[in-house]
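Subject: Structure handover

Hello,

Here is the structure I said I would pass on. My notes follow below it.

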Amino acid sequence: MNTPNHLVEHNGENTSNHLRHDLVATEPLCLRTRTSSLAVLARSAGSYHYTPEGRRLADFTSGVLVANLGHHPKRWWKRVLQYMALEDAAGDSGYHEAVTLTSYNAATSVEMEANRRLLASLQATPGGKRLEQVLWAASGSEAVQKGLWASLAKRPAGDGIILATRGGFHGKKGLSGAVTGSETDKERDPRVRFISFPKEECRSLEARRQPLDLAPYRAELEALKAEFGDRLCVLITEPYLGGGGSYHPQKEYMQMLAEFCHENDMLFFLDEIQANFGRTGSMYAFSEYGVEPDLVTLGKGLGNGMPVDAVVGRADVFARLGYGEGSDTWSAHPLGCAAVLATLDEFEQEDVIGQGRTLSAAIEECLVKLNELPAILHVRGEGTVWGIECQAVGDLSAEQVAHEIVRLAYLGDEQGRGVHLLGPLAGKVIRVAPPLTMSVAELREYFDVLHGIVARLGQ
Ligand SMILES: Cc1ncc(COP(=O)(O)O)c(C=O)c1O
């Protein structure tokens, strides 16, 4: 068999390389985003992954910001199984008598308990009082799509307009793809208009500390209001541009967007798929920004690794959709709901947020030091979600530097200590988002490894 030119291989990883070959043969390329490491993971526990060759990688990604509590916490799993009535389940004839694995045309007490607990958690958060009902979804894109369907249903089909912040990431499918990116990068949906996001103004930690001149942003919104009037249904944005390159805006920008929506009878829709459950330093990012969203999407850390998502929001908005318009096979699946309950238990009974905040201060310190190296242009972020923007050094472009860091970090130092990183965001931004439960000592140790690797570039 010819070796496809996109196949990633690493010296000395025989088992992993076989698996990578099989992957290329049996799955289309499009299933994964590009990475120079293509980690093969045999097991994970806490803050670490283990390769089939037995190498240990510190996880600076939490999967993809999903395992906020770390990988496979024992108490969390015990609770998931308890909620499913699977721990010590009765039953004979080879079957467990346990919570059913379907939510289609049926309701379970696990689902009702997850609704009740999630809404209580949101409503107890400053800014959460509009969040009245849970519309479950099986992926982040779907949650965004369902929220936008309900938002547009205020107007006759094809008439409503969505505003989205330019350069954002909300998913790839349907309307979630339509509000991702900008007007120039693909065929656009005529229902979507993009507004400016202050990327330059929050490109570095120092820049974000400067007050933002809101006038040009407000003027853009006023111009759209003059053009579309009541056709404007909703404005969707993220607490920070995640997939778009880790840009965390000044609070006043977010507050101005929310204010404009509420003055003009538009919905303020905050996509917290990757920000929720402690990432930004609070349970929900909307409280950090002092805004009151009408709709919020939740995902990733919501189930600590179990695939479960939701859009939560105003009951009158969801009431615009009729029977079945938001239904599908997997939404509100009991296993996902059990994971949400077990994750909420951990956040409510342990000081996970406090741990995340302590870790945040250590990450910032390590990143500021890393920023002194020639390969790094800027570092930025908050809580436990940070970006490292690379720059060209020697013969390498900024993009090549980013890919080289990901690859070398995976391969690790001479003691075999590696760091798992995801493929770069927006071409040249490396994400640092460890589990909130990683210890400061572990973080510092593996930041030293990363520092040594980055220092090699540009020497
Ligand atoms: C803010 C945001 N919204 C939506 C999505 C899409 O989620 P999914 O990949 O589960 O469809 C993502 C995924 O990274 C995201 O970061």
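**Gln250 and its surroundings**

The side chain of Gln250 comes within reach of the backbone oxygen of Ala207, at 3.5 Å. Please keep in mind that this is a predicted model. Gln250 sits in the loop that connects strand E7 (232–237) to helix H9 (251–263). Its relative accessible area is 4%, so Gln250 counts as buried, the cut-off being under 20%. Leaving out residues up to four places away in sequence, Gln250 touches Glu201, Cys202, Ala207, Arg208, Gln210, Leu212 and Tyr289.

**The two domains**

Arg208, one of the residues that Gln250 touches, also forms a salt bridge with Glu382 through their side chains (3.8 Å, N to O). The protein is split into domain 1 (14–72 + 352–456) and domain 2 (109–332). Their C-alpha centres are 27 Å apart. Domain 1 puts 32 residues into the contact and domain 2 puts in 30 residues.

About 2300 Å² is buried between domain 1 and domain 2, with 48% of that area coming from carbon and sulfur atoms. Of the area that domain 1 buries against domain 2, 27% is supplied by Val66, Arg380 and Glu382, more than by any other three residues.

On the polar side, 2 salt bridges are found across the interface of domain 1 and domain 2, and 20 residue pairs are in polar contact between the domains (both at pLDDT 80 or more). On the side of domain 1 that touches domain 2, the elements giving two or more residues are helix H2 (62–65), helix H13 (352–370), strand E11 (376–382), strand E12 (385–390) and strand E14 (429–432). E11 has the largest share of that side, with 5 residues.

**The nonpolar cores**

Nonpolar side chains tend to be buried together in soluble globular proteins. Which residues touch the most other members of the largest nonpolar core here? They are Leu118, Trp136, Leu235, Leu257 and Phe268, out of 61 residues in that core. Helix H12 (residues 334–349) gives the most to this core, namely 8 residues. Domain 1 and domain 2 each contribute at least three residues to this core.

Regards

Conventions:
Residues are numbered from 1 along each chain as its sequence is written. This is a predicted model: local features need pLDDT of at least 70, side-chain atom pairs count only at pLDDT 80 or more; totals for chains, interfaces and linings use all residues. Side-chain values use heavy atoms; hydrogens and water are left out. A nonpolar core is a set of buried Ala, Val, Leu, Ile, Met, Phe, Trp, Tyr and Cys residues joined through side-chain atoms within 4.5 Å. Buried means under 20% relative accessible area, exposed over 50%, partly exposed in between (1.4 Å probe, protein chains only). Helices (H or I, at least four residues) and strands (E, at least two) are DSSP runs, numbered from the N terminus. Domain bounds come from an automatic or database domain assignment. A polar contact is a pair of N or O atoms within 3.5 Å; within protein, one must be able to donate a hydrogen and the other to accept it, and residues adjacent in sequence count only if both atoms are side-chain atoms. Contact means heavy atoms within 4.5 Å. Buried area is the accessible area (1.4 Å probe) that two parts lose on being put together, summed over both. A salt bridge is a side-chain nitrogen of Lys or Arg within 4 Å of a carboxyl oxygen of Asp or Glu.
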